[in-house]
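Thanks, everyone. Please bring up the model and have the sequence alongside.

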Amino acid sequence: TSDTVTNTFTVGDIQIELKETTGNNYTMVPGNDISKDPKVTVKKGSEACWLFGKIEGKNNIENFVTYEIADGWTALTGVTGVFYRKVDAAKTEDSTPFSILKSDKVTAKTTVTKEMFKDLTEDTYPKLLFTAYAIQSDNISDATTAWNNLFPSTNP
């Protein structure tokens, strides 16, 4: 007779948070940089993961601002506005924030005029929307497979 060996199984977890400290209403001056710092944080205790950031432009935002994606992100082939990075497990480290926009800013185009805003309303002002997603990277070899595992039938 031997001693009993007890095995306990728990589930891995990924905790992410999307925050911005610069607010969400901006005044455009042609050519000016506008502070905009959306950051995705992979929280302490999270498993290694594929991290995705999605940027959606609404109401012809491309006529009003330009921006670049921060270093470390790669565009996901075949999915407009989605960028990814592979993140190591955050077992003992502090939470890890990742900026989405390079230099945490957008730039108002020099062609922006007051006339362009004349007939716009709160519902039709140009907008940028940011969303973050994560899935474990263990046993998922590439970002496309990871994305398709997150959204097996349709991509948001």
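Which residues form one aromatic cluster here? This is a predicted model, so to speak, and that holds for everything I say. The cluster is made of Trp 50, Phe 52, Tyr 84, Tyr 133, Trp 147 and Phe 151.

Now the pairs. Searching the whole structure gives 8 aromatic pairs. One of them joins Tyr 133 and Trp 147. Their geometry is edge-to-face. The centres are 5.4 Å apart, and the planes make an angle of 90°. Tyr 133 belongs to strand β10 and Trp 147 to helix α1, so this pair ties together parts 14 residues apart in sequence.

Buried or exposed, these two? Tyr 133 has a relative accessible area of 17%, so it is buried. Trp 147 is at 1% relative accessibility and therefore also counts as buried.

Next, the helix itself. α1 covers residues 143-150. Its buried residues are Ala 143, Ala 146 and Trp 147. Why do they sit on the same side of α1? Because they cover an arc of only 95° around the axis.

What covers them? The cover includes three strands: β4 at 49-58, β7 at 82-87 and β10 at 127-136.

Look at the start of α1 too. There, Asp 142 has a side-chain oxygen within 3.1 Å of the backbone nitrogen of Thr 144.

Arg 85 lies over the face of Trp 73. The distance from the ring centre is 5.0 Å.

Note on methods
Residues are numbered from 1 along each chain as its sequence is written. This is a predicted model: local features need pLDDT of at least 70, side-chain atom pairs count only at pLDDT 80 or more; totals for chains, interfaces and linings use all residues. Side-chain values use heavy atoms; hydrogens and water are left out. Buried means under 20% relative accessible area, exposed over 50%, partly exposed in between (1.4 Å probe, protein chains only). Helices (H or I, at least four residues) and strands (E, at least two) are DSSP runs, numbered from the N terminus. The arc is that of the directions from the helix axis to the C-beta atoms. Contact means heavy atoms within 4.5 Å. A polar contact is a pair of N or O atoms within 3.5 Å; within protein, one must be able to donate a hydrogen and the other to accept it, and residues adjacent in sequence count only if both atoms are side-chain atoms. Rings of Phe, Tyr and Trp (its six-membered ring) pair if their centres lie within 6.5 Å; planes under 30 degrees apart count as stacked, over 60 as edge-to-face and the rest as tilted. A charge sits over a ring if NZ of Lys or CZ of Arg is within 6 Å of the ring centre and within 35 degrees of the ring normal.
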